[in-house]
Amino acid sequence: MTAHSEFTIQKLVIIGGGPGGYEAALVAASLGAEVTIIENQGLGGSAVLTDVVPSKTLIASADAMTRFADAADLGVHVRGSKDGNEINDLAVDLDKVNTRLLRLAATQSRDIKRGLERVGVRVIAGTGKLLSPTCVQVTTDDGLEYDLDAQAVLLAVGAYPRELPSARPDGERIFNWKQLYHLREVPEHMIVVGSGVTGAEFASAYRGLGAEVTLVSSRDQVLPGEDEDAATVLENVFERRGMNVLARSRAEAVERTDDGVVVTLADGRKVAGSHCLVAVGAIPATSGLGLEEVGVGLAESGHIKVDGVSRTTVPGIYAVGDCTGVLPLASVAAMQGRIAVAHLMGDAVKPLRTHLVASNIFTSPEIASVGVSEKSIHDGTYQADTIMLKLSTNPRAKMMAVEDGFVKIFSRKGSGTVIGGVVVGPRASELIFPISIAVTHKLHVDDLADTFTIYPSLSGSISEAARRLHVHV
């Protein structure tokens, strides 16, 4: 536990209504604080309106198409078909898909707003700027301007897509990841620049929706920094599904043509397509907030410097979410918000433990991980035993015609404590949970091995992997 705040606040002003901001508001209100939240795009922020909710809804439609494409292997076919190939002729109504996902995002945003107002949180549609550690200047969407006094301020302003000077998005042919949801038809040929999480997810989704896809990756592997075995599985799946992956190829420029786009690579090659998504990272939305004027420390990248309980360099000012550069995950932002409020309200609190964060990449197949990475084991940072079981050996996976993926578990050498794991496969985001519990609560591999699993089930591979890490005494 960390030390409590020196004071208990009554007035909290939150700038930004994403997961970090609205989760903090809910906790603060439940603890008796007077809370005001300022947001100019809608409650939920980018995570709900332009990022996580819409992108994962798009991916759900792509997953449905992918499952249908494999249906013939399961003996499922269109009535009257002799060879089952007609099921592969399915088409997606992208206009309907995008209408649905935007409606879901808007509904989620309204639900969050109603939830906040129900517990007494004041919601202001507008922007905020720090005038001092205890005063926020508000500019409403209606043009009103006034000052709000606060005993504490929490910044949850998020980030926005990074752009290349030579590849400016126009929302018609060249896109950032916020602009894709107004396409009326599936692109004929989508070129995705950037093979990080966002680029890989959208490349996987648009290929699943039926588009030709070229993925431009400046690194040796797709998903640089992720588990190498997982990246290899994904690259093999991409290749098998007809995606063109250009490794070690840096995009220099993206230009519109009369009927599409041309991407120029650093080596002079040109790639032509109908549309291009530029997914090359994000920039913290920290400018114009008055941070430097009041003394809030910033990193060279523009991210707000915070400690384990999200305190900035100025007492009484906290920051959470993508603007801090800790981990760009909605779940982390929400946890930072809850921790920050617990600390500033004098409640019991533990600092953020990033080594316990479970993350998922929503490609097809999904890639989930938690805890120690295999890279940190190979470089000697951790001493651990490892086991990897391919899902192709799992009976339930065989029944489902799942051939790609694996379960990998890392246990501390000597003690047998579970310290990390990776799952690649369908619904890996769900399958990682038992490993996350084991890592968080320092369970022994035998604790996993001795827990009943359903037969047959994909989770059976988790207990089987744990059994193989058992050390005979």
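This is a predicted model: local features need pLDDT of at least 70, side-chain atom pairs count only at pLDDT 80 or more; totals for chains, interfaces and linings use all residues.
In which helix do Phe-202 and Tyr-206 both lie, and how many residues apart? They lie in helix α5, residues 197-208, four residues apart, or about one turn of the helix.

Residues are numbered from 1 along each chain as its sequence is written, and side-chain values use heavy atoms, with hydrogens and water left out.

**View 1**
A pair of aromatic rings is described by the distance of the centres and the angle of the planes. Rings of Phe, Tyr and Trp (its six-membered ring) pair if their centres lie within 6.5 Å; planes under 30 degrees apart count as stacked, over 60 as edge-to-face and the rest as tilted. The count by this rule is one aromatic pair. The ring centres of Phe-202 and Tyr-206 are 6.4 Å apart and the planes stand at 25°, so the pair is stacked. An α-helix has 3.6 residues a turn, so residues three or four places apart point the same way. Phe-202 is buried, at 4% relative accessible area. Tyr-206 is buried too, at 0% relative accessibility. Here buried means under 20% relative accessible area, exposed over 50%, and partly exposed in between (1.4 Å probe, protein chains only).

**View 1. Helix α5 and its surroundings.**
Helices (H or I, at least four residues) and strands (E, at least two) are DSSP runs, numbered from the N terminus. Helix α5 has twelve residues. From first C-alpha to last, α5 reaches 16 Å, close to the 16 Å expected at 1.5 Å a residue. That expected span is 1.5 Å times one less than the number of residues in the helix. Nine of the twelve residues of α5 are buried, so the helix is largely enclosed by the rest of the structure. Among the buried residues are Gly-199, Ala-203, Ser-204 and Gly-208. What covers the buried residues includes the helices α3 (52-69) and α6 (228-240). The cover also includes the strands β9 (189-193), β10 (212-216), β15 (275-278) and β18 (358-361). After α5 comes Gly-210, with a positive phi near 110°.

Ala-205 is in helix α5. At 2% relative accessibility, Ala-205 is buried. Contact means heavy atoms within 4.5 Å. Not counting residues up to four places away in sequence, Ala-205 touches Leu-58, Ile-59 and Ala-62. Ala-205 and Ser-61 are 144 residues apart in sequence, but 8.3 Å apart in space, C-alpha to C-alpha.

**View 2. The annotated binding site.**
An unreviewed UniProt entry carries the annotation "binding site" for Gly-194, Ser-195, Gly-196, Val-197, Thr-198, Gly-199, Ala-200, Glu-201 and Gly-281. These residues are spread over 88 residues of sequence, yet they cluster in space, with a largest C-alpha distance of 13.4 Å. UniProt positions are given in the numbering used here, feature names are shortened, and annotations may be inferred rather than shown by experiment. Val-197 is in helix α5. It is partly exposed, at 34% relative accessible area. Val-197 touches Leu-223, Glu-226 and Ile-361, not counting residues up to four places away in sequence. Glu-201 also lies in α5. Glu-201 is buried, at 6% relative accessibility. With residues up to four places away in sequence not counted, Glu-201 touches Lys-56, Ile-59, Asn-360, Ile-361, Phe-362 and Thr-363.

**View 3. Two cis peptide bonds.**
Most residues other than glycine have a negative phi, and most peptide bonds are trans. The bond from Ser-364 to Pro-365 is cis, with omega near 5°. Pro-365 lies in the loop between β18 and β19 (366-371). The bond from Tyr-455 to Pro-456 is cis, with omega near -5°. Pro-456 is in the loop between α12 (445-449) and α13 (460-468).

**View 4. Two arginines with positive phi.**
Arg-248 has a positive phi, near 50°. Its place is the loop between β11 (244-246) and β12 (251-256). Arg-248 is exposed, at 59% relative accessibility. Arg-427 has a positive phi, near 55°. Arg-427 is found in the loop between β22 (418-425) and α11 (428-440). At 45% relative accessibility, Arg-427 counts as partly exposed.
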